[in-house]
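Here is a short report on how one protein chain packs its side chains. Look at the sequence and the model first, then read on.

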Amino acid sequence: MPPTRAHQPATEQAPQPVLPTKHDEIAAAGSELFGGPIGRRALLATSRLTPVRVIALVAIGMFALGMVQKAPCYNGGWFVGASSQYTHACYSDIPHLYQGRGFADGLVPYFDRLPDDVGMEYLEYPVLTGLFMQVAAWLTPDGGSIQHQEKFYWMVNAGMLMICAVIIAVCVARIHRRRPWDALLVALAPAFALTATINWDLFAVALTALAMLMWSRERPVSAGILIGLAAAAKLYPALLLGPLLVLCWRAGRRRAFWATAAAAVGAWLAVNLPVMISHDAAGFHIREGWAKFYTFSQERGVDFGSFWLILSQRMDDPLTTETVNSLATALMLLCCLGVAALGLTAPRRPRLAQLVFLVVAAFVLTNKVYSPQYVLWLIPLAALARPRWRDFLIWQVCEVAYFLGIWMYLAYTTSGDAHKGLPTEGYQLAIAIHLLGTLYLCAVVVRDIYRPDRDVVRRTGEDDPSGGVLDGAPDVFVLGPAARPRQGTHEGAGTYVTWGTASDAAP
C-alpha cells in the first residue's frame with residue numbers, strides 16, 4: 001500500500017513533475033514542432049512561464065480561435081437566411097435568446113412571463129445560468145438595432161465564458177499537482193474551442209472544476225458548496241455526489257462525504273429558494289417560472305445527438321416521450337449501479353476522476369438529447385481520468401465529426417429543395433461515431449480501473465491525486481475478489497499495489 005501523505009518520510013524529496021514528452025509518444029511527437037522532448041538537464045523552475053501560466057495562455061488562444069470560427073455568423077449568418085449559420089458551422093444559442101427570452105425587453109427571468117409568440121412561457125435554464133445570462137444582458141447597451149445588440153450580447157458572453165475556460169484549464173492543471181501539463185488536453189481540445197460559445201455550459205463546468213480542485217485539497221465543505229452552485233447552473237454536477245459516496249464508503253471517509261453533500265444541498269437551496277418559492281393570498285407555492293427548467297426537461301421530446309433519435313427516425317411507430325423518459329431513467333440507473341459495483345469491486349480503489357467521468361458519460365449517452373456542447377462536460381474529466389493523447393485525440397476526432405455532422409444535417413433540412421448538407425442517414429452515422437467515441441473512452445477508463453498497471457497516473461507511483469481525503473487511504477469496505485487479501489499482503493494492508501515508481505516509470 002502506498003504511504004499516505006501523513007506517513008511520507010521526512011527525508012523524501014519533493015516529487016518531480018511528470019513530463020508528457022517523456023511518457024507519451026504522441027506528446028513526444030508533437031513536441032518536435034517546438035524543438036523536441038524536454039531534456040533531463042532542462043531548468044524547469046527558472047522561467048516565469050510556469051506550466052499553469054502556459055496552459056492559461058494556450059486556453060485563451062484556443063478560445064479566441066473558436067471565436068474566429070464564429071465570424072461568418074457574427075458578420076451576418078445569424079440573421080440572414082435560414083441555413084447560413086449551419087453551412088458555416090457557427091451556430092450559437094446566445095444571440096438568438098437575447099430577444100427570444102426577453103432580455104432585450106428587460107423582462108426578469110423566472111418572474112416575467114414571455115410573450116405568447118415566443119413558444120416558451122419562461123426561461124428554461126437553471127437559476128444560476130439565468131443569472132449569468134442576465135448579467136451579460138445588463139452589460140449589453142440598449143442603443144442600435146436589435147442585431148447590433150445581439151452581436152454585442154454574444155461578445156459579452158464570450159468574454160465571460162473565456163474566463164470560465166481559463167478557470168477550467170487552470171483547475172485541471174492544479175488538481176494533479178505532478179501532472180500540470182495534462183491540462184493541455186483541455187486547452188488544446190478542438191471540440192472545446194468549437195463548442196465553447198454555443199451555449200452557457202462552460203459556467204457550470206468551471207464551477208465543477210473548482211469543486212474538484214477543492215476536494216483534491218481536502219476541503220470537503222468548499223467542494224460541496226461549489227457542487228451545489230454548479231448544480232444550480234446545470235443539472236449534471238449533482239452526479240459527482242454518487243462517485244464520492246461510493247469511494248468514501250469504500251475508504252471509510254463517510255464524514256467527509258456527508259459534509260460535502262450537506263454543503264451542496266445547502267448551497268443549492270440558498271440559490272434556488274428565493275426564486276423557487278412564491279407567496280400570495282393562497283399561501284406558499286412553487287413558482288412556475290422556476291420550475292420551467294424541470295418541466296421542460298421532462299416534456300422535451302427526443303432530440304439531436306442521442307441514440308434515441310436514431311431509433312425514432314428508423315421506427316414506423318416512434319416511442320412516446322413518456323416511454324423514452326422511463327427507459328432513459330432506467331438505463332441511467334443501471335449504469336450508476338454498474339459504476340458503484342465497479343467502485344466497490346475493483347482490485348484497487350478507482351480514482352475519483354475515473355468514476356466521475358464514467359457517471360457523467362453514462363448520463364449523456366443515455367439521455368434523450370446529446371447536444372454538441374455537452375462534450376464540454378466531459379473534456380476536463382477525460383483529461384483527469386485518462387491523460388493519454390492518443391485516446392483523447394481519437395475521441396476528439398469523433399466529436400469534431402459530430403460537430404460538423406449536426407450543422408450539415410440542419411443545413412440539409414433548412415435548405416429546401418437545394419438539399420445542401422448531410423441527409424438523415426449521414427447524420428445518423430455522425431451520431432453513431434460520436435457515441436462510439438465516448439464509449440471507447442469509457443472502455444479504456446474501465447480497463448484502467450481493473451488493471452491499475454495501465455493507469456498512466458498510477459504508473460508513476462501515485463494513488464489518487466484528485467482524491468483529497470481518499471488519496472492513500474486504506475480500504476475498509478470492499479466487495480468481491482478485492483475483499484480477499486492478495487498473496488504476500490498482511491492483514492489490514494488493504495488491496496493496493498504500488499505500480500511503477502515515483503520518478504520516471506514509463507507508461
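A residue is called buried if its relative accessible area is under 20%, exposed if over 50%, and partly exposed in between (1.4 Å probe, protein chains only). Both Tyr 374 and Trp 377 are buried by this rule. The model is predicted, so local features need pLDDT of at least 70 and side-chain atom pairs count only at pLDDT 80 or more, while totals for chains, interfaces and linings use all residues. Residues are numbered from 1 along each chain as its sequence is written, and side-chain values use heavy atoms, with hydrogens and water left out.

**Aromatic rings**

Rings of Phe, Tyr and Trp (its six-membered ring) pair if their centres lie within 6.5 Å; planes under 30 degrees apart count as stacked, over 60 as edge-to-face and the rest as tilted. The count comes to 26 aromatic pairs. Two of them are listed here.

| Pair | Centre distance | Plane angle | Type |
|---|---|---|---|
| Tyr 236 and Trp 377 | 4.4 Å | 10 degrees | stacked |
| Tyr 374 and Trp 377 | 4.2 Å | 20 degrees | stacked |

Helices (H or I, at least four residues) are DSSP runs, numbered from the N terminus. Tyr 236 sits in the loop between α12 and α13, and Trp 377 in helix α19 (residues 375–385), 141 residues apart. Tyr 236 is buried too. Ring pairs join Tyr 236, Phe 363, Tyr 370, Tyr 374 and Trp 377 into a cluster.

**The nonpolar core**

A nonpolar core is a set of buried Ala, Val, Leu, Ile, Met, Phe, Trp, Tyr and Cys residues joined through side-chain atoms within 4.5 Å. The largest one has 141 residues. Among those with the most contacts inside it are Tyr 153, Phe 192 and Trp 407. Helix α8 (residues 146–175) gives the most to this core, with 16 residues.

**Helix α12**

Which residues of α12 are buried? They are Pro 220, Ala 223, Gly 224, Leu 226, Ile 227, Gly 228, Ala 230 and Ala 231. Contact means heavy atoms within 4.5 Å. What covers these buried residues includes α11 (201–216), α13 (241–251) and α14 (254–276).

Most residues other than glycine have a negative phi. Tyr 110 has a positive phi of about 75 degrees. Its place is in the loop between α6 (93–100) and α7 (127–138). At 5% relative accessibility, Tyr 110 counts as buried. Glu 218 has a positive phi of about 60 degrees. Glu 218 lies in the loop between α11 and α12. At 41% relative accessibility, Glu 218 counts as partly exposed.

Methods: Helices (H or I, at least four residues) and strands (E, at least two) are DSSP runs, numbered from the N terminus.
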